[in-house]
Amino acid sequence: MFATRRALLGGLAALPLAGALPAMARVRKNDAAEAALDAVFAEAAPPALAAGIVTRAGLGWAGVRGVRRAGHEAAATRDDRWHLGSNTKAMTAAVFGRLVQQGRARWDMALAESLPGLTLDPAWVATTPDDLMHHRAGLLDAGLLAQAWLMAAHVDQRPLPAQRAEFAARALAGPPAGSVGQFAYGNGNYIVMGAVIEALTGQAWEAVMQSELFAPLGLATAGFGAPRGEAPWGHRGGVGVDPAGFADNPRALGPAGTAHMSLADYARFVAAMMGGAPDWLSEETRRHLLTPAAGDPPAYAAGWGVGSAPWGGISGPGPTITHNGSNTMWFATVLAAPERGLGVIVLSNDGAAGKRACQTLAPRLAEAAAAA
């Protein structure tokens, strides 16, 4: 049930301040967004669908439709928490960027330096975090994330850093199974990145996420795994999956895809990646994280697919960033245009119907927001 989401190239990202728009433009934009949300919710029919337009100040417009659990009456709300799946990867990369800013890491530091406690095959010694975060290290999920590992990891009670260090040791014990320098999307890259962050800080990835991302950006609803308590359930095949059961990937896979949070909190992160939090992420670090690796397509940066759109720039075409995330029971899509300062987020508590809804609604919302 681990995520295998490819980046959806050609996206968008933080809007100009909603307050800076003329009142009539805001009304037209919101009317168009509400209509698009209604239409896609009716077409795709997921249990629930949440959407937002993002500015560099955070969430500008938001709308939610549907119920927290199929067959039950409790409505989904704007304050609910949603599972982000592989959209967690950009957060793991941003946390590593914070360590670089603090002088605790380097983009080009070799794995032999960042994982000194492991015995690496010589082919991995010079591999860098950038190689892993861009999915160009030659590390393939096949074999590493087999069903047997996933099931064993679900019940593994050892500390998570120990589990991730063991995964990294197994992944790096032999030469790369893939072609070094060639893009091959894989969750294993970010599990190893989690092990790198843990080795550099001496803390669990979860704790570093809290201290370097959640707390500084004020993401009070952020957590890991399937949201519990008063929150939507994930759905597979239209059937709700109890969050107390096997409702997410193993916790060890966290750096690749287990974060959850509210729509507004996720918007704060997206806004920051658009330059809305310069005290948290320097312009140099932000640009590094959003710059794709040189080489054959697709253009993929550190947790972001990179493309362009006619509305992506301030007055014309410009670059876009985007990503999808899913653990097969939830779906999340973000599209953003950093230069324009315009972004949209779409979230659902269903894997299949949610995918249809998120990928259909996101570009419609982007066009509505850009036209306002």
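**View 1. A cluster of F183, Y185 and Y300 is linked by ring pairs.** In this predicted model, local features require pLDDT of at least 70 and side-chain atom pairs pLDDT 80 or more, whereas totals for chains, interfaces and linings use all residues. Residues are numbered from 1 along each chain as its sequence is written, and side-chain values use heavy atoms, with hydrogens and water left out. Rings of Phe, Tyr and Trp (its six-membered ring) pair if their centres lie within 6.5 Å; planes under 30 degrees apart are stacked, over 60 edge-to-face and the rest tilted. Nine aromatic pairs are found in a search of the whole structure.

**View 2. F183 and Y300 form a tilted pair.** The ring centres of F183 and Y300 are 5.3 Å apart, with the planes at 45°. This pair links distant parts of the chain, 117 residues apart: F183 lies in the loop between helix 6 (160–172) and helix 7 (187–201), and Y300 in the loop between helix 11 (283–289) and strand 8 (305–309). Helices (H or I, at least four residues) and strands (E, at least two) are DSSP runs, numbered from the N terminus. Both F183 and Y300 are buried; buried means under 20% relative accessible area, exposed over 50% and partly exposed in between (1.4 Å probe, protein chains only).

**View 3. W205 and F224 form a tilted aromatic pair.** Their centres are 5.0 Å apart, with 55° between the planes. W205 belongs to helix 8 (residues 205–217) and F224 to strand 4 (residues 223–224), 19 residues apart. W205 is buried at 0% relative accessible area, whereas F224, at 30%, is partly exposed.

**View 4. The charged end of R69 sits over the ring of W233.** It lies 3.9 Å from the ring centre; the criterion is NZ of Lys or CZ of Arg within 6 Å of the ring centre and within 35 degrees of the ring normal.
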